[in-house]
Amino acid sequence: MNMRAVEEEESVSVSGQELDIPVDIEWQMLDKWKFFLHGAALFSGVSAMLYPAVVIKTRLQVGHCKISCVKTAVSVARHEGFRALYRGFGTSLMGTIPARAVYMAALEVTKSKVGSFAVSDLGFTAGAAAAVASAVGGLSAAMAAQLVWTPVDVVTQRLMVANGADARYVNGVDMFRKIVRNDGVRGLYRGFGISILTHAPSNAVWWASYSVAQRLVWGGVGCFLRRKYGDREGDMMMIRPDSKTVMAFQGVSAAMAGGLSALITMPLDTIKTRLQVLEGDENGKRGPTVGQTVRSLVKEGGWMACYRGLGPRWASMSISATTMITTYEFLKRTSTKNPEVLT
């Protein structure tokens, strides 16, 4: 028995309680060409919308003094122009498209394989199998995507914090060449280990939490409807939530998971950003180590310095999670080979 069959059985059971829950779209149900092409366009738009918050967050993490995110944004726009809030966006976009493709492919393939294995070989229930599959899928997707994303992240974050008058780098390509020339390929993967430690667990927790939250929300709605209509004699109503209701439930669950993930992983993200942005000197001395970076942060403002930029990151991850999951679910539904299975 595969994951799809179990979910269909559970859907019938829940439908008996007067609620028809949405079908979960698996990897084999997708038109891959449409999935990746539409995904590149949709997520490029999402990245453009959220990029200024990432720039402000990076500036706050690298800065050596306490300043609010609003003052940072105003200062950047006033002294460097509004375009400074999108500095490095072109380079970021070039990396986002292939990284997203790798991420989505790894996520969906892993979820499908692990979910089926958990049901057929381990005897998990549909809910438990979905949570485990989502966690493993998020973990593998984050690790695979970081192979592509880390070099782009290193270049992009240095562009973010560079002042407009800084003539050391002409553009992202020039910075890429100089990093390789001065530090070798290893320079492009500075902070790779801590990036994995930051993103892999947070993605695992996020996807698992999102899966559990979805089932809890739909289960709660099912219980409510059963209490409301359960006393009607012989009248079993089939209630199918419309697309707006489905998206609202998905968005709320995603925002909660994103905010929690941001809070838990913030210290690691701050350390990672510093490692990637701060350079060694011209005499060939390497940049700071993880230990030196942590000691420097604590010296500047105590352990709370590790949470510098939490506001923008929390907002960015919550909004990003909400936007991403609604966009992602919409993308999957518009990329199915057979749309009739959704009705």
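The structure is a predicted model, in which local features need pLDDT of at least 70 and side-chain atom pairs count only at pLDDT 80 or more, while totals for chains, interfaces and linings use all residues. Residues are numbered from 1 along each chain as its sequence is written, and side-chain values use heavy atoms, with hydrogens and water left out.

The buried residues of H6 are Gly172, Asp174, Met175 and Ile179. Seen down the axis of H6, these buried residues fall within an arc of 155°, so they line one face of the helix; the arc is that of the directions from the helix axis to the C-beta atoms. An α-helix has 3.6 residues a turn, so residues three or four places apart point the same way. The cover over the buried residues of H6 includes H4, H5 and helix H7 (185–188). H6 itself comprises 12 residues (172–183), and its span from first to last C-alpha is 16 Å, close to the 16 Å expected at 1.5 Å a residue; the expected span is 1.5 Å times one less than the number of residues. Just after H6, Gly184 adopts a positive phi of about 75°.

The chain as a whole contains 11 helices and zero strands, helices (H or I, at least four residues) and strands (E, at least two) being DSSP runs numbered from the N terminus. Of its 343 residues, 46% count as buried. Among contacts between residues at least 6 apart in sequence, 82% join residues at least 24 apart, contact meaning heavy atoms within 4.5 Å.

At 2% relative accessibility, Gln157 counts as buried. Beyond its neighbours within four places in sequence, Gln157 is in contact with Lys57, Thr58, Lys272, Thr273, Gln276 and Val277. The C-alpha atoms of Gln157 and Val55 are separated by 7.8 Å, although the two residues are 102 residues apart along the chain.

Rolling a probe the size of a water molecule over the atoms shows where empty space is left. A cavity is a set of points, on a 1 Å grid over the protein atoms alone, where a 1.4 Å probe fits but cannot get out, and its lining residues have an atom within 4 Å of a point. Grid points are joined across faces, edges and corners, and a volume is the space filled by probe spheres set on the points. Two cavities of 30 Å³ or more were found.

The largest cavity holds about 1100 Å³ of space. Its lining comprises 36 residues, of which Arg100, Trp149, His199, Met317 and Ser320 lie nearest the centre. H5 gives the most to this lining, with eight residues. By class, the lining has 17 nonpolar, 13 polar and six charged residues, with Ala, Val, Leu, Ile, Met, Phe, Trp, Tyr, Cys and Pro counted as nonpolar, Asp, Glu, Lys and Arg as charged, and the others, Gly among them, as polar.

The second largest cavity holds about 30 Å³. Phe43, Arg100, Tyr103, Met104, Leu107, Met324 and Tyr328 line this cavity, and H4 and H11 are the elements that give two or more residues to the lining. H4 supplies the largest share, four residues. Six of the lining residues are nonpolar, none is polar and one is charged.

Conventions
1 Å grid on protein atoms, 1.4 Å probe; cavity = no way out; pocket = protein on both sides within 12 Å on 5 of 7 lines; lining within 4 Å. Buried < 20%, exposed > 50% of the residue type's maximum accessible area, 1.4 Å probe, protein only.
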